[in-house]
Amino acid sequence: MTAIIVLNWNGAKDTLLCLASLFALKQPPYLWMVVDNGSSDSSVAEIEAWLERERKAFAEVREAEDLQAAPDPACGILYRLSENYGFAKGNNLGIELLERYFSQHPGTENQVSHYLLLNNDTEVEPDFLVRLENFAAVHPEYAALTPQIRYGRPSPLIWNCGGRMRWGFRKYHYLKQDYRRIKEKDFIPINLITGCALFFKRELLGNPDAWMGRPMEDGRYPRIFTERFFFGEEDFDFSLRMQAEGKKMACVLSSVIFHNQGATQSGLKRIGRAQVFYLCRFIDVRQHWRSGLKYAFWKGLYLPYVAMVFHRIGLPWTSAWKMAKSIGKAAGRMDGVSKAVFLECVR
């Protein structure tokens with residue numbers, strides 16, 4: 001069975017549309033959890049009221065509490081975190097809640113074979129999950145999958161079908177193309193995956209040293225995403241780790257969802273958002289490539305591109321190049337981008 005985790009932060013409207021599409025699934029049974037990432041608006045009350053109107057049973061759990069009953073497809077989970085921890089940590093804590101229950105109740109650990117981390121600003125087709133699970137059963141060599149993701153319904157344009165990454169540069173398959181132009185019939189092998197809809201084997205959680213570079217602070221459960229970055233980069237980092245571990249990934253073309261892009265980012269300034277994005281990217285690549293020479297070569301190629309991006313979004317060439325160089329310099333002495341740094345950049 002698959003455990004589906006939807007992360008909400010001040011986005012009840014999107015979250016309820018996502019849940020409505022999930023509750024319309026034909027099959028198979030699944031566990032569902034909404035993780036509220038410390039919303040400062042009325043999101044929790046709206047979600048609770050909607051679930052009650054729809055007669056959907058759910059257990060409400062607050063941060064630092066444990067599940068009191070076994071996870072059950074007939075009863076979802078609303079997990080309330082005390083603050084906004086960012087995308088990566090919010091999802092990690094949702095996974096940890098279930099993993100903690102499994103570890104405390106021997107015999108329940110085989111209940112979940114896969115996790116699906118699903119953006120709250122998505123809507124799914126009724127058969128998307130069974131197609132992912134069927135593919136996983138036939139092709140166990142693939143440790144992580146993504147569905148075909150189109151722009152918001154009824155757009156025929158591709159938002160993401162995964163991609164290829166080489167030397168730290170990425171290229172997405174069929175980006176902004178009509179889905180009817182896809183040549184592959186069943187799936188596309190990929191080594192770059194998005195966190196928008198990440199379906200993965202639970203067994204990937206098994207080795208904290210391999211996945212995080214160090215055990216968790218409390219020594220308990222390994223986490224699927226790095227928490228070095230408050231906002232963004234976790235899926236690129238995940239892809240780099242999958243590539244380093246030799247684990248296969250694929251986009252399952254018959255599984256389709258729609259992404260109403262930009263709900264979380266709509267209020268961020270463009271230059272600040274770009275600054276955070278590229279700062280995270282430089283830090284991430286530097287930490288994965290222990291060879292200073294390899295990183296220096298990549299940085300030399302990437303800096304002019306970053307400067308061009310800043311020029312395109314409004315900075316004069318001199319300022320754009322200065323911004324790119326300052327990001328590259330800052331990345332050399334940073335291990336991640338904290339919430340405080342993120343907020344300073346987008347202020």
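1. Which residues point one way from β1, and which the other way? T2, I4, V6 and N8 point one way, A3, I5 and L7 point the other way, and all are buried. Buried means under 20% relative accessible area, exposed over 50%, and partly exposed in between (1.4 Å probe, protein chains only). Strands (E, at least two residues) and helices (H or I, at least four) are DSSP runs, numbered from the N terminus.

2. This is a predicted model, in which local features need pLDDT of at least 70 and side-chain atom pairs count only at pLDDT 80 or more, while totals for chains, interfaces and linings use all residues. Residues are numbered from 1 along each chain as its sequence is written, and side-chain values use heavy atoms, with hydrogens and water left out.

3. β1 pairs with two strands (a pair needs at least two DSSP bridges). It runs parallel to β5 (residues 114–119), joined by 6 bridges, and A3 has Y115 as its bridge partner there. It also runs parallel to β2 (residues 30–36), joined by 7 bridges, and I5 stands opposite M33 in β2. From β1 the chain passes through helix α1 (residues 12–23) to β2 in a right-handed β-α-β crossover. Right-handed means that, with the strands pointing away from the viewer, the path from the first strand over the helix to the second runs clockwise.

4. The count of salt bridges is 15. A salt bridge is a side-chain nitrogen of Lys or Arg within 4 Å of a carboxyl oxygen of Asp or Glu. One of them joins E96 and R100, with the closest N and O atoms 3.0 Å apart. These two residues are 4 apart in helix α3 (residues 87–104), so about one helical turn separates them.

5. R228 forms a salt bridge with D237, the closest N and O atoms being 2.9 Å apart. D237 counts as buried because its relative accessibility is 1%. R228 has a relative accessible area of 18%, so R228 is buried too. R228 also meets D284 in a salt bridge (3.2 Å, N to O). This second pair links distant parts of the chain, 56 residues apart: R228 lies in the loop between α5 (208–212) and α6 (234–245), and D284 in helix α7 (residues 270–288).
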